[in-house]
Structures are given as C-alpha cells and as structure tokens.
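Hello,

Here is the structure I promised to pass on to you. My notes on what turned up in it follow just below.

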Amino acid sequence: MIYIFDGSLPGLLTAVFEWFERKPGKAVLKSIEMFQPEAFAESFTVITDSAKADRVWTGLQKKLTKASLRKFYCSYLSEIPEASNHLFHFSIYIFKHEIGAEGNYGNEHIMALAKYAKSVEREKHRMEAFIRFQKTGDGLFYASIDPDFNVLPLISNHFKNRYADQQWVIYDLKRKYGLHYNLETVSEITIGFAEGINKQKPAPGLMDENEALYATLWKDYFKSANIVARKNTKLHVQHVPKRYWKYLTEKIDV
Amino acid sequence: MSDRIREKLNILADAAKYDVSCSSSGGTRKNDNKGLGNSHVSGICHTYTEDGRCVSLLKILLTNHCIYDCLFCVSRKSNDIKRAAFTVDEVVDLTMNFYRRNYIEGLFLSSGIFKNADFTMERLLLVVKKLRLEQNYNGYIHLKTIPGASDELIKEAGLYADRMSINLEMPTEAGLKLLAPEKNHADVIKPLDFVQKQIAQFSADKKLIKHIPKFVPAGQSTQMVIGATPESDKDIMYTANAFYRNFSLKRVYYSGYIPISNDSRMPVLGTQPPLLRENRLYQTDWLMRFYGFKVQEILNDANPNLDVDIDPKLSWAIRNMQHFPVDINQADYRMILRIPGIGVMSAQKIVQARKFGKLRIDQLKKIGIAYNKAKHFIICADSPYQLKDYQGTQIKAFILAESKSKYLKTDNNQMLLF
C-alpha cells in the first residue's frame with residue numbers, strides 16, 4: 001500500500017492518523033511530487049486535515065522527549081524525499097510502543113531520524129557561524145544564504161536574541177523567503193529582486209560608508225591570525241567546505 | 001586613519017595568534033538589556049584559518065610593547081619587530097563592528113606588559129568595562145589575567161569577563177627558568193588560585209542571594225608550549241592533571257612550539273612544529289576529561305611518552321588486553337567507553353539501544369562506531385567465533401595494516417631505496 005501526501009508536515013501527521021484508522025498493514029509514505037504510479041500497488045491519497053494532524057502531534061508530544069521531538073522536526077526540515085517515509089514509520093513505531101521506545105537505536109527509522117537531525121543541526125550551526133551581515137546605508141544588516149536544508153525556522157531565535165538592537169534580514173535565496181527583524185519581532189518576508197541585481201552583495205552605493213572598511217579589517221585579521229608553519233589545507237576545507245566560501249567575507253577576493 | 005588602524009590590527013593580531021585558546025563556550029550571558037549579543041552555550045567557530053584552526057574570537061593584544069624578555073615569545077623586549085598599541089576606543093569599536101556583522105563570537109584580549117602589571121591590567125579593565133557598561137555588549141570576553149596585578153583589579157575584571165586565563169608557558173618550572181629567567185610558576189599559580197576562590201565564593205553566595213553578579217562564568221584556562229624544552233609527555237600531562245584538579249580549570253591548551261628565534265637553547269628556525277605530538281596530548285587530555293581515564297593509566301614511568309603511531313586509547317587497550325574482549329550487550333558504560341573505536345556518543349547510544357534487544361554487528365556499524373578498530377576488542381550478538389587469542393602486538397599490526405594515518409606524510413619512517 002502506498003500512502004500519498006501533499007508534502008506538508010500536517011499532511012504527514014494526517015497520514016499517520018489515517019494508518020491507525022485503516023490499519024492497512026505494510027505501507028510506504030510518498031509525497032505527491034515523488035509519487036509514480038506502480039503496477040500492482042494500491043495507493044491511498046491522504047487529505048490533509050489539521051484536526052487529525054493536531055491529534056497526532058499532541059500524541060507525539062506525550063510520548064517523546066523534547067530532544068526527540070526536535071529530531072522529528074529537523075528531519076522534516078531536511079526536505080530529503082526518503083525522510084517522510086522514515087518519519088511516518090517512526091511515528092507508528094512510537095505509538096505502538098511504551099514511552100521510551102525512541103532510545104532503540106537498533107531500529108532503522110530511529111537511527112535514520114538521528115542521522116537526518118544531525119545533518120540539519122549541523123547546517124543550522126553552520127548558518128549561525130557563516131552568515132555575514134553587510135550594513136546598508138539605512139542601517140539594516142543584510143545577509144543572503146542558500147542552505148542545504150530549510151533551517152531558517154531553526155535559526156530565527158538565535159539571531160533575534162543576539163542582534164536585538166539592530167534591524168536585520170536573512171534571506172534564503174534557494175527557498176525564496178527570508179526573515180526580517182524590526183527591533184521588536186521577526187517576520188517572514190519575500191523580496192522581489194529587480195532583474196540582474198546582485199542578491200548576495202548589494203551595490204556599494206547602497207552600503208553604509210564604513211562597510212568596506214570593516215570588511216577589509218576582517219580580511220586583514222583573518223590573514224594575520226593564520227600561522228603559515230602550520231598550514232593544513234585539508235583540515236581547513238573540512239571545517240569550511242568550499243560551497244560556503246561565497247558567504248564568507250574573508251574568503252571572497254575584493 | 002584607516003591605514004593606521006589596519007597596520008595596528010595586523011601587528012597586534014599577528015602577535016596574539018600563538019595563544020591557541022579560541023573557545024567561546026560556557027558563557028551564560030543573556031541579552032536581557034536589549035543590547036548586542038547573547039552567548040551560545042557551546043560556542044560558535046565563525047571561520048577557520050588556512051592552518052585549520054578555528055576563529056571564534058577577535059584575538060588581539062592591546063599592545064606588543066613588553067618589559068619582559070621571554071625567549072619563546074615574539075613580543076620579547078629584545079626582538080626587533082614593529083610595535084603598536086590600540087587605544088581603548090579602537091578595541092571597543094572593532095569588537096562591536098565585527099560582532100554586529102556576525103564575524104565573531106567575542107573578544108579575546110591580551111597584552112604585553114608595559115610599565116608594570118597593574119598599569120596593564122587597568123587598561124584591559126577599561127576596555128571590558130566600556131563594552132559591558134556603555135555599549136550594552138553581552139558577547140563573549142576572554143581576558144588575560146596579568147600575573148602580579150593587584151587582587152582588586154583582577155576581582156573587578158572578573159565581573160565583566162566570561163573567561164580568564166594565565167599561561168603556564170612551560171610544563172615545568174625548570175623549563176620556564178631556562179627560557180624566561182624572570183618568571184616562575186608561582187606567579188601564575190597565585191592569581192589562578194585567587195580567581196578560582198572568587199568563583200567558588202560567588203557560586204556559594206548565589207545559593208543564598210538570588211541576584212548576584214556573574215563572576216568568570218566560563219571559568220579559567222591555561223596554555224603550555226610543547227617541544228621548546230625537553231619535557232616528556234608524562235611531565236606535561238601530570239602538570240596538566242594537577243592544574244585541572246587544583247584550580248578546576250576548564251581547559252589546558254597544548255601549543256606546539258613554532259620556532260621564532262635562533263637561540264641555542266631552543267629548536268632552530270625552520271623546525272617543523274610538533275603537530276602529531278600535540279594531537280596525542282589533546283587525545284590524552286580528552287581521555288582524562290571525558291572517558292574516565294586516570295593520567296597514571298596512560299602515562300607512567302614504564303611509558304613516559306605517548307605512542308606516535310597509534311592513539312593513546314588504543315595504546316592503553318593493547319597494554320591491558322586482560323580487560324578485553326568486552327561484551328557490548330552486558331558491560332558497564334564505563335567499560336564501553338574504554339573500547340578503542342567507540343566514542344562518547346556511540347557509547348551512550350549502545351547502552352540505550354541494548355535495552356531493546358541484543359545488538360548485532362550491522363546495528364553497531366549504523367550507530368557509528370569505528371568497527372574495524374573496535375572488532376578486536378568486543379563481543380556482540382553475532383560476533384564470529386574466534387579460535388585464536390591474539391596478542392596485543394598482533395592486534396596493533398592488524399589495525400596499522402588497514403589504517404592510514406593522516407600524519408603519514410610527515411611521519412614516514414620507511415626508507416626510500418632510490
């Protein structure tokens with residue numbers, strides 16, 4: 001039996017509800033985008049229902065520790081196609097067993113979630129580290145990113161707490177939405193970029209008059225802090241994979 | 001103006017880089033005054049230099065003018081280098097502007113000693129007070145304690161800094177006397193002890209009174225230079241162990257000596273820094289702090305130096321084969337931690353997972369243990385039956401045969417024929 005859902009988190013949770021309602025035996029969950037009709041396989045289309053989804057989520061909250069719930073949410077944000085099926089079976093396993101079953105790392109779905117969560121948390125942590133704000137002429141601090149996973153929901157609080165006294169925007173170019181902090185609250189925004197504009201680095205004329213100076217000082221500092229006798233390119237690239245270099249002021253040549 | 005500040009930054013960052021501490025963890029400062037900065041419990045490395053070291057803090061000296069002439073230090077009085085000094089406002093401005101752009105986690109401020117200890121400590125204190133009180137800055141601050149500064153100044157600094165540190169420099173008193181005759185370990189111990197007692201006092205008061213200011217919430221650390229003087233690994237780690245115990249240090253750093261002078265008492269210029277040795281010392285440090293090993297188990301009179309070709313945990317296991325094989329499904333957590341190829345995270349997963357059934361090889365691999373190393377030391381549900389009892393030396397040969405050290409290029413003892 002193939003369960004087909006719309007790809008959303010409420011959709012996934014509804015699918016779990018429907019499985020317990022129908023008990024169809026062995027089932028695989030696929031999102032509508034990934035679904036290709038197979039011969040000899042029955043399918044069932046899940047209609048997302050927020051009431052059902054809420055019941056499942058409340059149930060998971062009762063059965064799981066906070067840390068496990070977070071792994072669940074992170075796995076969803078990974079947007080990896082196979083993750084939804086693991087989340088589906090993970091939920092079924094948790095509801096079928098006593099509290100504490102999430103510690104069974106011998107189970108493939110529990111282990112899969114642990115792995116997805118690890119990747120997503122690492123990407124989240126990288127964004128907290130590698131985002132570089134540029135100060136614009138009107139005092140707004142702007143950064144653009146294109147993370148491997150959808151981590152904006154996970155980093156929002158960190159940046160809100162840290163940069164409480166400055167307005168900032170972090171924009172996900174890949175997913176075409178961003179976060180804006182207006183000194184009070186963080187809200188989701190979408191930006192309509194003009195044709196041909198550099199989304200990563202706004203034109204110098206739009207920047208704060210000291211932006212170039214601090215960027216230069218930071219590059220200088222980065223060079224001075226290096227110890228040539230200890231050069232270790234492999235380790236350097238391992239810590240800062242090349243795909244992130246485009247964010248980093250210190251790695252971009254003038 | 002911008003040229004002068006660039007030059008200063010280059011000189012004073014270059015002089016500060018031999019201090020290896022870059023940790024920004026353990027801070028507990030919250031942004032509750034709607035200012036700038038909020039500490040992150042595990043710290044954040046914002047970038048890595050080309051030598052692979054993390055950059056978390058803006059690490060600078062206030063000045064590299066110094067009245068001392070320590071042979072291992074680039075800023076020593078007799079060294080013919082460019083000198084510079086930041087003003088208090090320059091340091092504050094750089095810190096705030098770097099922090100606002102998410103370049104850094106905070107400031108690591110150290111200094112050469114100019115005039116005297118109190119005069120230097122006062123200047124450092126001015127910087128941190130200005131950041132905290134005028135700029136509402138809640139980011140991380142790591143401040144050097146200047147040996148010989150008055151208790152009042154050190155105590156006041158502790159109210160604004162997250163971490164304080166003083167470097168032992170050389171692992172033994174004899175080593176220090178050789179290269180820096182004007183210094184001694186007692187000068188380091190006195191302020192370390194003073195700060196430690198203050199931390200203890202503040203945390204005791206906190207139990208009684210709710211609103212007590214923070215005092216060095218991320219604790220103290222120190223650093224030793226490795227390979228400039230002829231101490232054994234045992235000397236180094238026994239000193240580290242004593243400092244961890246006596247002063248509740250958060251970290252001891254080991255810094256492989258990079259030749260900076262041509263004095264006959266030290267390795268000559270151009271000598272490779274002892275990177276592999278440094279790595280083995282850190283591994284030992286981790287075994288002491290997170291794996292429940294006593295330093296005497298790893299280093300003792302029979303084994304005064306760490307193995308170069310294998311890590312210290314494997315080395316211990318091979319010397320103590322009577323403890324192995326360990327049954328993954330039965331053994332105590334503390335014993336699982338001692339198995340080569342199993343780290344803290346995997347050990348925790350193993351003791352959780354085995355409650356649900358006996359673990360097999362494929363599950364252990366998925367949990368993430370280094371199975372090829374661990375297999376010589378464990379039994380699990382489907383371990384192959386073994387007729388032969390291998391000796392430790394044989395196991396070492398097996399493991400070396402199938403692993404390739406990342407240090408091999410610098411550590412190739414094999415002779416080339418042509």
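In the hairpin that β7(A) and β8(A) form, four residues lie between the strands, and Leu183(A) among the residues of this hairpin has a positive phi near 80°. Strands here are DSSP runs of E with at least two residues, helices are runs of H or I with at least four, and both are numbered from the N terminus. Two strands count as paired if DSSP finds at least two bridges between them. The pairing of β7(A) with β8(A) is antiparallel and has four bridges, with His180(A) opposite Ser187(A) of β8(A).

Before going on, a word on the source: this is a predicted model, in which local features need pLDDT of at least 70 and side-chain atom pairs count only at pLDDT 80 or more, while totals for chains, interfaces and linings use all residues. Residues are numbered from 1 along each chain as its sequence is written, and chains are lettered from A and ligands numbered from 1 in the order in which they are written.

The strand β7(A) (residues 177-181) also pairs with β6(A) (residues 168-172), in the antiparallel sense and through five bridges. There, His180(A) of β7(A) stands opposite Val169(A). These two strands make a hairpin as well, with four residues between them, and Lys176(A) in the turn has a positive phi of about 55°.

Two bridges link β4(A) to β5(A) (residues 141-145) in the antiparallel sense, and Gln134(A) has Tyr142(A) of β5(A) as its bridge partner.

Chain A has another open sheet, this one of three strands in the order β2-β1-β3, with parallel pairing. At its edges are β2 (28-31) and β3 (43-45) of chain A, each pairing on one side only. On average, neighbouring strands of this sheet are turned by 25° against each other, direction ignored. Axes are lines fitted to C-alpha atoms, for helices over the stretch in contact, and angles run from 0 to 180 degrees between N-to-C directions. Four bridges hold β1(A) (residues 2-5) and β2(A) in parallel pairing, and Ile2(A) has Val28(A) of β2(A) as its bridge partner. Helix α1(A) (residues 9-22) lies across β1 and β2 of chain A, at about 150° to β1(A).

Now to the helices. In chain A, the axes of α2(A) (residues 50-63) and α4(A) (residues 83-96) come within 10 Å and cross at roughly 60°. The two are therefore oblique to each other; angles under 35 degrees count as roughly parallel, over 145 as roughly antiparallel, 65 to 115 as roughly perpendicular and the rest as oblique. Their crossing is left-handed, a term for a near helix turned anticlockwise from the far one by less than a right angle. From α2(A), Val56(A), Gly59(A), Leu60(A) and Lys63(A) meet Ser91(A), Ile94(A) and Phe95(A) of α4(A). Contact means C-beta atoms, placed from the backbone, that lie within 7 Å.

In chain B, α3(B) (residues 117-134) packs on α4(B) (residues 151-158) at an angle of about 20°, with the axes 10 Å apart. That makes α3(B) roughly parallel to α4(B). This crossing, too, is left-handed.

Finally, the overall layout. Chain A is divided into domain 1 (2-123) and domain 2 (131-251), bounds that come from an automatic or database domain assignment. The C-alpha centres of these two domains of chain A are separated by 34 Å, and their contact takes five residues from domain 1 and seven residues from domain 2. Chain B is divided into domain 1 (2-219) and domain 2 (312-410), with C-alpha centres 42 Å apart.

Where the chains meet, 45 residues of chain B are in contact with 39 residues of chain A. Which helix gives the most to the side of chain B that touches chain A? That is α1(B), with six residues.

Happy exploring, and best wishes

How values were computed. Two residues are in contact if their C-beta atoms, placed from the backbone, lie within 7 Å.
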